[in-house]
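Open the model in your viewer and keep the selection panel handy.

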Amino acid sequence: MSTPLELPASVSPFLSTYLPPASPSSSPDPLEPEETEPASRPFVTLTYATSLDSHLSIAPGVQTALSGPESKALTHHLRTFHDAILIGASTAVADDPGLNSRLPGTTLSQQPRPIILDPTFRWQLTRESRVLRTTRDGQGLAPWVFVAKEPEAGDVRVGVLEEVGGQLVVLEQEDGKEWGWEKILAKLAELGIKSVMVEGGARVANGLLKRGDLVDSVVVTVAPVYLGKGGVNVSPEGVVRFRDVAWCTLGRDVVMAGRVELVEGV
Ligand SMILES: NC(=O)C1=CN([C@@H]2O[C@H](COP(=O)(O)OP(=O)(O)OC[C@H]3O[C@@H](n4cnc5c(N)ncnc54)[C@H](O)[C@@H]3O)[C@@H](O)[C@H]2O)C=CC1
Ligand SMILES: Nc1nc(O)c(N)c(N[C@@H]2O[C@H](COP(=O)(O)O)[C@@H](O)[C@H]2O)n1
């Protein structure tokens, strides 16, 4: 049994201006009905933990604990402010993640919807996959897996997913190319997702950072370690500069929050 996460007091004031806008009240003022257009994309927070040499893990497919307990609590706090949490297929395969918030006191309505980008549906999920156990235990929401085409008839993983209320979402790929981020985010908006926390891995982060205009907040934990050559590296194609930057020391880690100012040379 792991030690319960405890949120350091400095985290809430530090993150407050980087969070998605609060959802409008469910009972709007009848005298002032809202006439807002549905947003074309959700609020996007890009977040991950990195080593000093900008690696997310020591090698492809190897889960690597970087965050200390304090910055891990920050990540789990951040999860409660988002409608969805998104990862790439390689992270799902490598980490078997829970993709929920395990901060004590988190209610089911505060849990984010796990989204896995898996165009070729290579995630071998089973009833024992952690995210599905988390869902069955009432500690998180069932995942939505984005795939490029319907799977073969009789694929047992579909039943396993649907049993807990999860689903496959088919998003076609043009000429076998990766989905553009505008397309991914538009689909999320269509599915009612108003905010998404993109957690990685590196291919996801590097892809999204090409489109800094689609990112609202960036929250990066830096852990005091070099992972050396062979790590899974976040290094976008172009230069990415930030504005409104704040730093917070949490235990042995330091966390940067900011907004993308400019992406050059992509
Ligand atoms: N330290 C941290 O905060 C984190 C660490 N990780 C680590 O990162 C590693 C995995 O990272 P990567 O190998 O870079 O893989 P990844 O997790 O970014 O997954 C890449 C895969 O996701 C799918 N994908 C991503 N973007 C797509 C797009 N635009 N269109 C269609 N499909 C798309 C594709 O199947 C692609 O092969 C693991 O070792 C994991 O432990 C992952 C997340 C956070
Ligand atoms: N914030 C953070 N720090 C680390 O050291 C990490 N390795 C990660 N990984 C990400 O968190 C997911 C695991 O989540 P659960 O705790 O299982 O819910 C993993 O999939 C990565 O996205 N993050």
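Which helices and strands each supply at least two residues of the shell around ligand 1? Select strand 1 (43-50), strand 2 (55-57), strand 3 (84-88), helix 3, strand 7 and helix 7 (202-209), and you have them. Bear in mind as you look that this is a predicted model.

**Ligand 1.** Now show the 29 residues that surround ligand 1. Gly-88, Ser-90, Thr-91, Gly-200 and Gly-201 are the closest. Helix 3 gives the most to this shell, five residues. Colour the shell by class and you will find 15 nonpolar, nine polar and five charged residues.

**Ligand 2.** Move on to ligand 2, which has 15 residues around it. Ala-49, Leu-66, Ser-67, Pro-97 and Gly-98 come nearest. Helix 3 (89-95) and strand 7 (195-200) each supply at least two residues here. The classes in this shell are six nonpolar, seven polar and two charged.

**Val-218.** Next, pick Val-218, in strand 8 (residues 217-222). Is Val-218 buried or exposed? Val-218 counts as buried because 24 other C-beta atoms lie within 10 Å, and the cut-off is 20 or more. Beyond its neighbours within four places in sequence, Val-218 is in contact with Leu-46, Phe-242, Gly-258 and Val-260.

**The annotated span.** Finally, select residues 42-255, which UniProt lists, in an unreviewed entry, as "domain: Bacterial bifunctional deaminase-reductase C-terminal". This span is 24% helix and 27% strand, and its end C-alpha atoms lie 23 Å apart.

Definitions and conventions. Residues numbered from 1 in each chain as written. Chains lettered and ligands numbered in written order. Predicted model: local features only at pLDDT ≥ 70, side-chain atom pairs only at ≥ 80, totals over all residues. Near = placed C-beta within 6 Å. Helix = DSSP H or I, 4+ residues; strand = E, 2+ residues; numbered from the N terminus. Nonpolar A, V, L, I, M, F, W, Y, C, P; charged D, E, K, R; others polar. UniProt positions renumbered as here; feature names shortened; annotations may be inferred. Buried ≥ 20, exposed ≤ 12 C-beta atoms within 10 Å, placed from the backbone. Contact = placed C-beta atoms within 7 Å.
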